[in-house]
Amino acid sequence: MLKIFFLLFITVPLLELYVLIEVGNGIGGLSTIALCLFTAALGGLLIRWQGVNTLLDAQKSMARGEIPADHGFHGLLLALAGLMLFLPGFITDTIGFLLLIPPIRQLIINRVMPIRQVGGHGQPQSDIIDVEIIRNEHHIR
């Protein structure tokens with residue numbers, strides 16, 4: 001795992017630098033810097049908006065008696081998107097903007113979390129049915 005992180009810390013900045021140089025050659029250095037700043041600002045606004053919506057949805061779920069686990073994971077992925085958009089570069093910005101799309105976040109959550117079905121009141125649904133049998137026997141004499 002440590003080797004993977006080390007590889008990421010080496011390759012991602014080099015790829016970002018390469019893409020920035022290529023874009024800079026195409027549209028100019030100042031335009032490239034302006035575009036990086038614009039994507040960071042736009043991403044910050046979108047993350048703030050989606051973060052507030054996620055928090056409000058989590059509060060509504062808790063008011064209904066449900067556990068807002070999905071909302072917590074959405075919040076975690078939004079924080080990761082914020083980190084990606086904060087880092088300078090177009091590759092990380094692309095990853096950050098992709099994480100801002102709720103269906104993509106849900107797909108990631110479904111891959112990471114075990115599949116579960118939720119029944120009423122936020123309880124896990126299963127094939128077990130809990131019943132209580134009450135016998136009401138009338139003896140005729």
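Confidence comes before anything else here, as this is a predicted model. The average pLDDT over the chain is 83, and 87% of the residues reach at least 70. Helix α3, residues 69-86, has the lowest confidence, with a mean of 88. The highest is in helix α4, residues 90-99, at 92.

Next, the packing of two helices. Such a pair is described by the angle between the axes and the distance between the axes. For helix α2, residues 29-63, and α3, the angle is about 170° and the axes are 10 Å apart. An angle over 145 degrees counts as roughly antiparallel, so α2 is roughly antiparallel to α3.

Which residues make that contact? From α2 there are T39, A40, G43, I47, Q50, G51, T54, D57, A58 and S61. From α3 there are H71, H74, G75, L78, A81, G82 and L85. Sorted by class, the contact of α2 with α3 has ten polar residues, six nonpolar and one charged.

Now the largest pocket. It holds about 310 Å³ of space. Its lining consists of F5, L8, F9, V12, P13, E16, M84, L87, P88, I91, T92 and I95. Two elements, α1 (2-27) and α4, each give two or more residues to that lining. Which element gives the most? That is α1, with six residues.

And what classes of residue are found in the lining of this pocket? Ten are nonpolar, one is polar and one is charged.

Definitions and conventions: Residues numbered from 1 in each chain as written. Predicted model: local features only at pLDDT ≥ 70, side-chain atom pairs only at ≥ 80, totals over all residues. Heavy atoms only, no water. pLDDT = per-residue confidence, 0-100. Helix = DSSP H or I, 4+ residues; strand = E, 2+ residues; numbered from the N terminus. 1 Å grid on protein atoms, 1.4 Å probe; cavity = no way out; pocket = protein on both sides within 12 Å on 5 of 7 lines; lining within 4 Å. Points joined across faces, edges and corners; volume = space filled by probe spheres on them. Nonpolar A, V, L, I, M, F, W, Y, C, P; charged D, E, K, R; others polar. Axes fitted to C-alpha atoms, helices over the stretch in contact; angles between N-to-C directions. Parallel < 35°, antiparallel > 145°, perpendicular 65-115°, else oblique. Contact = heavy atoms within 4.5 Å.
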